[in-house]
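User: I'd like to learn how to read the features of a model like this one. Could you take me through a few of them?

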Amino acid sequence: MIIRARAVVTMDGLPIENGAVAISGNRIIDVGKFPEISARHSGQQLVDLGEQVMLPGLINAHCHLDYTCLRGQIPPKKPFADWIRAINTEKARLSAQDYVASIAEGFAEAKRFGTTTIANLTAFPELIARIDPPIRTWWFAELIDVRSPERANELVDLAAESLKPAANWGLAPHAPFTASKDLYRRCEEVVRRENVLLTTHLAESREEMSLFRDGAGPLYDFMRSIGRPMDDCGHETPLRLFSDTIGAPPSTSLRTGSGRALPTEWIIAHLNELAESDFELLERFTGKFHVVHSPRSHDYFAHSTFAFRRLRDLGFNICLGTDSLASNENLSLFAEMRAFRRGEPAVSPKEALEMATVNGGRALGRPQVLGRIRANYFADLIAIPCSGITDVFEEILAFDQPVHWIMVNGKT
Ligand SMILES: [Zn+2]
């Protein structure tokens, strides 16, 4: 099959005017100018998308579709601990069937906004057998053992068994204040054995910083009140604690100049709250992990400014995510790119689009098949109206409608 469009944005080099993509099965086999593609693949079925730009499907690198049904239910709350209490109250009202419906609704919405790959954290890995995702999905089991640390290994092993039938999966110890070191370590063991992915929330809020660094604040009080052992608080920043005591053992990690180690496969959500000493630590890391920024959820919580340029310039791979609809209004990565550029107007629209395509593919460990239009890549494509190629990246970022043409894995 050949698909032609007024413009093709491959994420390699310049946009192609009057471009076309040749597809075989679920893969792209060729891309270039329409006359050349039609000559090289004569006799193939032609789909002409007309005055549209075709681009790689978008990649959401951090999301919780469990909470799609909580859209608009929880107003922003300070302190952050009160927001956690509020979402816990809402969650207590939901049944397994509610969650299945919420996740299905989230998938449909994400796809409608042109997302073809999603990293989705679920607190209910046992439910995924009841769901057939319409887009390419990495399922991450979100794991919390703060109320039952003695069950850390069991929780991880049960989650892994539920996720194994999925094509793509990983483990997500929730955060250093809700998941024990034992739980993190077990996740790392299983991930190494199964060759899957790891993600976690880190340094999200000011309160997490004061909990770990100062041993004080509303989140500290809340976690102590539910019985969490607090002996790791009052010493180090969240990042320092994570890199000193939670990162993978030396056998699988890259050593830093100071002897510290962090595995490079981690996908770290947030990293909003960093001290100067954290930047010194990050500079010394030779292995750079992936960072997911969720601009609208960040604004909702009014976290400290995300240090995009410092992290990018240190070599970290920065992707975009929507986080959940408990702290965001919809699952549009177009809106996420726009929100990101409101805070970082000097970043080009092309670089913002890279964060929602190429960088997501890297974070998910599939840089050779995800996030570009190139031979051998998955045929995960979208098309939206455009007026030409002159301002095509600006037009892409300004797009705020449902996406009407979507191909996932070679199928529309
Ligand atoms: Zn999250």
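Predicted model: local features only at pLDDT ≥ 70, side-chain atom pairs only at ≥ 80, totals over all residues.

**Reading the model step by step**

Analyst: Gladly. The axes of helix H6 (residues 206–214) and helix H7 (residues 218–225) come within 7 Å and cross at roughly 65 degrees.

User: How are two packed helices described, and what is the orientation of H6 and H7 to each other?

Analyst: In general, two packed helices are described by the angle between their axes and the distance between the axes. Angles of 65 to 115 degrees count as roughly perpendicular, and H6 and H7 are therefore roughly perpendicular to each other. On the H6 side the contact is made by Glu207, Glu208, Ser210 and Leu211, and on the H7 side by Pro218, Leu219, Tyr220 and Met223. Sorted by class, this contact has 5 nonpolar, 1 polar and 2 charged residues.

User: Into which domains is the chain divided, and how many residues of each are in contact?

Analyst: A general idea to start with: the size of an interface is often given as the accessible area lost when the parts come together. Here we can look at residue contacts. Domain 1 takes in 2–56 + 373–407, and domain 2 covers 58–363. Their C-alpha centres lie 32 Å apart, and 13 residues of domain 1 are in contact with 19 residues of domain 2. On the domain 1 side, helix H15 (residues 392–398) gives the most, with 4 residues. That side divides into 10 nonpolar, no polar and 3 charged residues.

User: Which residues touch the most other members of the largest nonpolar core?

Analyst: That core has 123 residues, and Val21, Val53, Met54, Leu143 and Leu171 touch the most other members. Helix H4 (residues 152–163) gives the most to the core, with 6 residues. At least three core residues come from each of domain 1 and domain 2. Take Val53: leaving out residues up to four places away in sequence, Val53 touches Ala5, Arg6, Ala7, Val9, Ala383, Ile384, Cys386, Val392 and Ile396.

User: Are His270 and Asp323 buried or exposed?

Analyst: A residue counts as buried if 20 or more other C-beta atoms lie within 10 Å of its own. His270 has 26 such neighbours, so His270 counts as buried. Asp323 has 28, so Asp323 counts as buried as well.

User: What about Asn120 and Arg147: buried or exposed?

Analyst: Asn120, in strand E7 (residues 115–122), is buried because 26 other C-beta atoms lie within 10 Å. Beyond its neighbours within four places in sequence, Asn120 is in contact with Cys63, Leu65, Thr137, Trp138, Trp139 and Phe140. Arg147 sits in the loop between strand E8 (136–143) and H4. With 10 C-beta neighbours inside 10 Å, Arg147 counts as exposed. Setting aside residues up to four places away in sequence, Arg147 touches Ile226 and Gly227.

User: How far apart in space are Asn120 and Glu142, and Arg147 and His174?

Analyst: Asn120 and Glu142 are 22 residues apart in sequence and 9.3 Å apart, C-alpha to C-alpha. For Arg147 and His174, 27 residues apart along the chain, the C-alpha separation is 13 Å.

Technical notes:
Residues numbered from 1 in each chain as written. Axes fitted to C-alpha atoms, helices over the stretch in contact; angles between N-to-C directions. Helix = DSSP H or I, 4+ residues; strand = E, 2+ residues; numbered from the N terminus. Parallel < 35°, antiparallel > 145°, perpendicular 65-115°, else oblique. Contact = placed C-beta atoms within 7 Å. Nonpolar A, V, L, I, M, F, W, Y, C, P; charged D, E, K, R; others polar. Domains from an automatic or database assignment. Buried ≥ 20, exposed ≤ 12 C-beta atoms within 10 Å, placed from the backbone. Core = buried A, V, L, I, M, F, W, Y, C linked by C-beta atoms within 7 Å.
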